[in-house]
Amino acid sequence: MKRFAALYSALDQTTKTSEKIAALADYFKTVSPDDAAWAVYFLCGRKIRQLVPTKLLREWSAERAGIASWLFDECYEVVGDLAETMTLILSPAEAAADLPLHRWLAERLLPLHTSDVEQKKQVVEQAWNELDEATRFVFHKIITGSFRVGVSRGLVVRGLAEASGIDADVLSHRLMGDWEPTGELFAGWVNPDTHDAGISKPYPFFLAHPLETEPSELGEPLDWQAEWKWDGIRAQLIRRAGETFIWSRGEDLTTDRFPELIALAQHLPDGTVIDGEIVGYRDGEIMPFAAMQRRIGRKQLGKKILSDVPVALIAFDLLELGGIDIRQQPLFERRAQLEQVVLDSRLRGNDGEGFLLSTAHHFASWEELTELRQTSREQHAEGLMLKRLNSPYRVGRPRGEWWKWKIEPYTVDAVLIYAQRGHGKRASLYTDYTFAVWDERNLVPFAKAYSGLTDAEIAKVDRYVRQNTIERFGPVRSVTPELVFELAFENISESTRHKSGVAVRFPRIARWREDLKIADADSLETIRAMIRANPHPAEQS
């Protein structure tokens, strides 16, 4: 546990990629496979569910520190992070113990899922007696389910590759899908002779960067292919050994959420893996993502929701055919084979409604493509994807071969009315905001946003929130409506699930409009006019 805490500190104290990779590689080389597996689990962003209720942890730590609950709350208000607050107020450990990380999990922490309150308290207090400050902090992060540190999954893979000598792309594939952290599993990851079996295993996704230059700087138009960029759920559909699996980009196995696609996949040959976008699709039109959110948020999929929000898979790449990994073939070859797979599946019984082929646009000039992009909203698309025709299917987000060229976002001027503290390094600052627009003479909550401001602007807004709080609702503060911000967002649709009657996609702060008064903020009628100008199937309640 101490070794893992030391790794956490090393990663948290540097912004240099090389130093982080070196710290990861050193850790993986020197700890047991069991500990290494759990480290990969946590560092890749996976979490065990909260083991002890926050209320109890606050009560027990205040009791042990000998302070009143109100004083603990004041400390928490200043620090902004529960794990750090508990670490700071507790006295030093009475004894020293250093169980390996995997034994802490197996013998002490995971059993807390089924323990009663007194047993939970005993384990927590035993940890406080045995762990030094740095290790105690990591312990608190784990039991509260808030563990995170400044490394990406890609960096973890690179550190593991450095330690093991296994190619990073191979490791990325091995880490995909569902798995439980064990020493045996870790040994398989770093074994050069491991046969990567497992019929459900997806491939790492190839992701695109936003286009940062004029498209004409990409070279010859004939070297590229354009596709519509849809707003749905990126997914891989896998058909192997007579079974179907659907994985989201976030590595969630979502097969049971899309029974329509399971039925259609039966018409695919074994050993087929397709990359595509799952979208709401009804009467030949793409539905707004807000409708998809209604569906994926349901624990049980009844007949009504399946009827209201039918889905389709828009296929745009083929990763495996006949059980053979074809990712290193150029895109134009994979595309030709994908077209044949789609055609054959329709001959076998697919009706063409739930299994669609993404349109590949070939163009003679960048001016021609620019004109096509201007029609994105008419297609209910976010813009275009640009893909080099000779590109293999890579891992992660390399530059140069796949770009996303999104259309300009919608923008509105809105008024800040609520604020809440952020997370991680922003846990002591009010950085999560709710904005409103005018509905006649009333301000109606419209969207939440937490990104887009500079550190200096965040500090300024934080001071305003603290000095102009009207009411408190738990962690949320309502503030005097005075600050106006320009919000940007991708899509907009009608919604009966929101008080404003509209739902927006990916809202963020574009700029602080210090030049505007709240009377200058936009109205719901302005937003409804945006919807009328770009009609889209409405979300139903």
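What volume does the largest cavity have? I looked that up before anything else, keeping in mind that this is a predicted model.

**Entry: the cavity**
I searched the whole structure and got one cavity of 30 Å³ or more. The largest cavity comes out at about 30 Å³.

Then I moved on to the largest pocket, which has a volume of about 790 Å³. Its lining is made of 41 residues, and the ones closest to the centre are F446, H498, A503, V504 and P507. I wanted to know which elements supply them. At least two lining residues each come from α14 (289-296), β12 (410-421), β13 (430-439), β14 (442-449), β18 (492-494) and β19 (502-504). The class count for this pocket lining reads 22 nonpolar, 11 polar and eight charged.

**Entry: R46**
Last stop was R46, which I found in the loop between α3 (33-43) and α4 (54-65). Is R46 buried or exposed? Its relative accessible area is 19%, and the cut-off for buried is under 20%, so R46 counts as buried. Leaving out residues up to four places away in sequence, I see R46 touching Y41, L175, G177, D178, W179 and E251. With E251 I also noted a polar contact: the side chains of R46 and E251 are joined at 3.1 Å.

Key. Residues numbered from 1 in each chain as written. Predicted model: local features only at pLDDT ≥ 70, side-chain atom pairs only at ≥ 80, totals over all residues. Heavy atoms only, no water. 1 Å grid on protein atoms, 1.4 Å probe; cavity = no way out; pocket = protein on both sides within 12 Å on 5 of 7 lines; lining within 4 Å. Points joined across faces, edges and corners; volume = space filled by probe spheres on them. Helix = DSSP H or I, 4+ residues; strand = E, 2+ residues; numbered from the N terminus. Nonpolar A, V, L, I, M, F, W, Y, C, P; charged D, E, K, R; others polar. Buried < 20%, exposed > 50% of the residue type's maximum accessible area, 1.4 Å probe, protein only. Polar contact = N/O pair within 3.5 Å; in protein donor to acceptor, adjacent residues only side chain to side chain. Contact = heavy atoms within 4.5 Å.
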